[in-house]
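User: I have a protein model open and would like to understand how it is put together. Could you go through it with me?
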Amino acid sequence: MGLTGGIGCGKTAVTDLLAARGATIIDADLVAREVVLPGTPTYQALVGRFGEGILAPDGAIDRPSLAAATFGDPAALADLNAITHPAIGLEMLRRLEEASHSDAVVVLAIPLLRAEHRSTMHLDAVAIVDCPFDEALRRLVELRGMDPRDARERIAAQPTRQERLADADVVVDNSGSPEDLVAQVDRLWRWIADHRAAPASP
């Protein structure tokens, strides 16, 4: 199953709750960090394209510097995606193949999940973690310490809430309290069990 949602909506909180219930989580954000570790081909390609200004003092990729080098520059962002997305996709597929040998529920957490991921990542369903714009903005500013203008720009750069919801098989409403979210994830877990038990379409 794929899991996505806008920035600030609480995907990580949901994946943590699913993992506590026994799910295997394959997180695209974590994979993205690993495929650019020093010495990897992706690391070399990024430094070659964007220069050593994207490096932290220890030689690792400095994500804020890389983001600053690409945000608002369509050509640079396209280059970044062309370098990183294939590596991320291949590693996620490798982990998916490993996980397929168990009976665990496998959840692929993909922040920018697109329609084609259903086929390329073999997703049988997509869950959306959802909350209103104002709540996502509040969390980014108050909990992550982001500048309000930067937070608004990052929300605006992603698919709209309506676009995400239109592609959802099931929605996790994370507009309330942490206790409300637990109840929502319990509902999602039951939905997954029912979905797995349903006979496959001919």
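User: How much of the protein chain is buried?
Analyst: Of its 202 residues, 38% are buried. Please keep in mind that this is a predicted model.

User: Let us turn to helix α1. Which of its residues are buried?
Analyst: Helix α1 covers residues 11-20, and its buried residues are K11, V14, T15, L17 and L18.

User: Why do they line one face of the helix?
Analyst: Viewed down the axis of α1, the buried residues fall within an arc of 160 degrees, so they line one face. On the other side, T12 and A20 are exposed.

User: What do the buried ones pack against?
Analyst: They pack against several elements, including the strands β1 (2-5), β2 (24-27) and β3 (106-109), as well as helix α10 (178-197).

User: Which residue with a positive phi follows α1?
Analyst: That is G22, with a phi near 110 degrees.

User: One more topic: how far apart are the mean positions of the positive and negative charges?
Analyst: The mean positions of the 20 positive and 30 negative charges lie 2 Å apart.

Definitions and conventions:
Residues numbered from 1 in each chain as written. Predicted model: local features only at pLDDT ≥ 70, side-chain atom pairs only at ≥ 80, totals over all residues. Heavy atoms only, no water. Buried < 20%, exposed > 50% of the residue type's maximum accessible area, 1.4 Å probe, protein only. Lys, Arg positive; Asp, Glu negative; His and termini not counted. Charge placed at Lys NZ, Arg CZ, Asp CG, Glu CD. Helix = DSSP H or I, 4+ residues; strand = E, 2+ residues; numbered from the N terminus. Arc of directions from axis to C-beta. Contact = heavy atoms within 4.5 Å.
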